[in-house]
Amino acid sequence: MANPLINRTLNSIRNPNIFKSFSSLVRNFNSVATVEQPQSDDPSFTFSSDDHEHRNDNTTSTDEAIHLKAPRSNSRRDSGSSVTMPMSFMTGSIVGKRFYKQVTTREADDGNGWTVMLDYRTLKTPSKRPLKLPTLSLAKAIAAEWEYQLTDGIRPFTMPLMKFACTALERVPLTRSKIIDHLMKKFSQDLVFCRAPEDDNLTKYVHDKQVEKIDPLLDWVASEFGYKPVVYSSFFGGKQEDGLVKAVENVLKNTDDCELASIDALASAGHSLVIALGIFRGKLEIEEAIELIRLEEDLQVDKWGLVEGGHDVDLADLKVQISSAAAFLALSRRV
């Protein structure tokens with residue numbers, strides 16, 4: 001994916017600012033595709049590996065066109081009418097050479113959702129379920145991930161949205177209660193509840209920065225859920241009020257599968273369910289969330305210096321994890 005793809009094809013999202021960090025991470029991708037409108041009235045679109053642009057005669061808006069150039073593929077058609085991703089797709093291994101030329105999207109056969117097509121094959125999940133997506137925006141973004149795969153191999157680690165979609169369709173429905181239980185088990189040890197000691201000269205500057213940056217988020221929690229969180233200085237965590245725990249748990253139980261998959265990924269990457277809920281409820285932007293997650297570490301870097309190949313790599317990895325989960329959350333919501 002490239003920056004123009006985020007800006008032009010995802011313009012139906014209510015809060016486009018959520019993609020600022022996500023789009024900046026993928027600017028190094030320079031292989032892209034042309035968009036072609038199908039001849040039917042179906043509002044789906046086609047990525048073509050041709051060098052020239054195909055336009056539908058009925059297309060009147062230039063905003064729908066994305067002028068990109070895709071890597072070529074020498075793959076052949078096989079006899080199957082669908083393609084199923086192996087389980088190794090979920091682990092990040094290279095799953096084989098690119099076997100398709102065009103990537104398209106179309107409405108699902110039952111009219112409920114959208115699917116991705118690789119040539120004439122319907123894309124399926126690792127357990128052979130149709131990859132039925134809730135919105136056209138999400139289908140387009142996942143189609144773009146498939147279009148940018150090179151001929152020498154399909155690399156799942158460059159396709160975070162596809163991985164989230166498989167997780168939401170395959171794992172969340174089967175393990176929803178376990179996911180919620182795990183999130184709530186870690187809730188009292190949330191990153192934003194842990195406070196550096198104020199009476200220690202070595203940590204007072206950390207405490208002051210936490211008060212400045214994190215307290216506004218805790219105030220939001222109090223107004224959003226009706227209970228002010230308890231902060232503590234113990235590594236073993238503390239106990240939050242039962243009312244706050246119950247309110248947060250109810251929010252998780254009322255999410256759909258895509259939302260819960262996103263929240264779980266955000267909480268895991270940031271060690272904070274509160275920050276994940278802040279993104280989910282629109283309180284935090286991606287940059288603000290990353291700043292809170294790395295608050296203490298960045299203060300240590302400012303004081304003692306950055307370890308190349310360590311701190312910088314961790315920051316890049318965190319940006320990818322938070323941005324891709326936030327992007328999936330926004331794209332999966334029906335506007």
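Two strands pair if DSSP finds at least two bridges between them. Strands (E, at least two residues) and helices (H or I, at least four) are DSSP runs, numbered from the N terminus. This model is predicted: local features need pLDDT of at least 70, side-chain atom pairs count only at pLDDT 80 or more, and totals for chains, interfaces and linings use all residues. Residues are numbered from 1 along each chain as its sequence is written, and side-chain values use heavy atoms, with hydrogens and water left out.

**Exercise 1. Find the strands that pair with S5, and state the sense of each pairing.**

Step 1. Take strand S4 (residues 103-107). S4 pairs with S5 in the antiparallel sense, over five bridges. Glu 107 stands opposite Trp 114 of S5.

Step 2. Look at the hairpin of S4 and S5. Six residues lie between the strands, and Gly 111 has a positive phi near 75 degrees.

Step 3. Turn to strand S6 (residues 121-124). S5 and S6 run antiparallel, joined by two bridges. Leu 118 has Arg 121 in S6 as its bridge partner.

Step 4. In the hairpin of S5 and S6, two residues lie between the strands, and Asp 119 has a positive phi near 60 degrees.

**Exercise 2. Decide whether strand S5 is enclosed or open, and sort its side chains by direction.**

Step 1. Apply the cut-offs. Buried means under 20% relative accessible area, exposed over 50%, partly exposed in between (1.4 Å probe, protein chains only).

Step 2. Five of the five residues of S5 (residues 114-118) are buried, so the strand is largely enclosed by the rest of the structure.

Step 3. Recall the pattern. In a regular strand, side chains alternate between the two faces of the sheet.

Step 4. Sort them. Trp 114, Val 116 and Leu 118 point one way from S5, while Thr 115 and Met 117 point the other way.
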